[in-house]
Protein chains: 2
Amino acid sequence: MTITITAFERSPDGGKGLARDTRVRWALEEVGQPYAVRLVSFGAMKEPAHLAVHPFGQIPTYEDGDLTLFETGAIVFHIAQHKAGLLPDDADARARAITWMFAALSTIEPPIIELQTAKFQEGDKPWAKARMPLVQDRIHDRLKQLSARLGDADWLDGGFSAGDLMMVSVLLRTRPSGLLDEYPNLAAYVARGEVRPAYQRAFAAQYAVNKPPAG
Amino acid sequence: MTITITAFERSPDGGKGLARDTRVRWALEEVGQPYAVRLVSFGAMKEPAHLAVHPFGQIPTYEDGDLTLFETGAIVFHIAQHKAGLLPDDADARARAITWMFAALSTIEPPIIELQTAKFQEGDKPWAKARMPLVQDRIHDRLKQLSARLGDADWLDGGFSAGDLMMVSVLLRTRPSGLLDEYPNLAAYVARGEVRPAYQRAFAAQYAVNKPPAG
């Protein structure tokens, strides 16, 4: 059975690996699961055929025979549940790793997305400059707490897990802003994620699709 | 073994049931699991003792013997994994129900929280009025899509699941704004959630803690 995911035909980040398909590619690489990719244009994402797969008109999606999933968190969790390598066997440790997946998506990512919204959708508004410090402060509130919890550990709870995969991916989205540089242990944590061979393969695969045209 | 959750000593919503402990109470009620509640003041939430349990200084948390969890999504998922009643047995249906949990928390809730932030943290700013339509439009974008997907079904994917519990809980947060009234099928969906006996018991339990003083 071939597993097929969807990705942007052309990612808005030009191949920086910040689109959410990279997270799913990374999870698939960590567990050694081959996959196919169907590229979707911005136009096609809002068409009925894609909306039938993803009700919110986004990528990635995940298709495996009769099963169709959307939502990056749900897809990564599904992969982690069914293949070894992303969740510990011990039940309590597993529950804690899943907690970090939710923390990445529900607590850390929303203020980071809000920063991108402030820049790209409200950057031309009269309030853009005055409002920016508020938006950045909300990210700092969370990064401070996350930095305090991580301390000098390599990963958030024992060995590398789907929780770390998701948290590193979310933190990577702050890279263009430079905000992460103020938290050396978080920057080192993200770097530990990036050097993993599975991440490298995932990054290369999305870059092959999205790299800027030569010349 | 007693399961203990944390909740606000005094919820900012004055007993409307919108604090996140209501979601966990609801899940516990759906599966018939008794629980104890430890109330936490706003001051204590930022103290080391609570931060050791919840690194982001929030409620709810979940303690069951040696296991301590935070993040509402992770707690509800943990309850749903270990007790019957919130996730279907069929593996594919289960994966889809989990998808809706993530969709509620990652896709639908962030713009709703942003509306509350715009009102309560930026309501006195010079841009508050001019910016509000943008913030509301982002919610409408999602509610339109969700409404289209739900159609005239009772629940998001077959029978009631943890995905519905989370989605109804998230949509309830829009009630003070009146935004939900424009989507009759979503309003009816939320009402179906609210009349469930388990929700009623969860609501009553949080109301007993938070109801406004008499007189």
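**Before selecting**

This is a predicted model, in which local features need pLDDT of at least 70, side-chain atom pairs count only at pLDDT 80 or more, and totals for chains, interfaces and linings use all residues. Residues are numbered from 1 along each chain as its sequence is written, while chains are lettered from A and ligands numbered from 1 in the order in which they are written.

**Stop 1: both chains**

Show chains A and B together. The same surface serves both copies, as 100% of the contact residues of chain B recur in chain A.

Now select the interface. Here 33 residues of chain B are in contact with 33 residues of chain A; contact requires C-beta atoms, placed from the backbone, to lie within 7 Å. On the chain B side, the elements that give two or more residues are β4 (67–70), α4 (72–82), α5 and α6 (128–150). Helices (H or I, at least four residues) and strands (E, at least two) are DSSP runs, numbered from the N terminus. Of these elements, α5(B) gives the most, with 13 residues. This side of chain B divides into 17 nonpolar, 7 polar and 9 charged residues. Ala, Val, Leu, Ile, Met, Phe, Trp, Tyr, Cys and Pro count as nonpolar, Asp, Glu, Lys and Arg as charged, and the others, Gly among them, as polar.

**Stop 2: a helix pair across the interface**

Select residues 72–82 of chain A and 91–120 of chain B. The axes of these helices, α4(A) and α5(B), come within 8 Å and cross at roughly 140°. Axes are lines fitted to C-alpha atoms, for helices over the stretch in contact, with angles from 0 to 180 degrees between N-to-C directions.

Which residues of α4(A) meet α5(B)? They are A:Gly73, A:Ala74, A:Phe77 and A:His78, and their counterparts in α5(B) are B:Ala95, B:Ile98, B:Thr99, B:Phe102 and B:Ser106.

**Stop 3: the domains of chain A**

Colour domain 1 (3–85 + 198–210) and domain 2 (91–196) of chain A separately; the bounds come from an automatic or database domain assignment. Their centres, taken over C-alpha atoms, are separated by 21 Å. In contact are 13 residues of domain 1 and 11 residues of domain 2. On the domain 1 side, α1 (21–30), α4 and α9 (197–210) of chain A each give two or more residues, and α1(A) gives the most, with 5 residues.

**Stop 4: the sheet of chain B**

Four strands form an open, mixed sheet in the order β2-β1-β3-β4; strands pair if DSSP finds at least two bridges between them. β2 (36–40) and β4 of chain B are at the edges with a single partner strand each, so one side of each has no neighbour in the sheet. In chain B, β1 (residues 3–8) and β3 (residues 61–64) pair in the antiparallel sense over 3 bridges. B:Ile5 has B:Tyr62 in β3(B) as its bridge partner.

**Stop 5: backbone details**

Select A:Ile59 and A:Pro60, which are joined by a cis peptide bond with omega about 0°. A:Pro60 is in the loop between α3 (48–51) and β3 (61–64) of chain A. Finish at A:Glu71, which has a positive phi of about 75° although it is not a glycine. A:Glu71 lies in the loop between β4 (67–70) and α4 of chain A.

Technical notes
Two residues are in contact if their C-beta atoms, placed from the backbone, lie within 7 Å.
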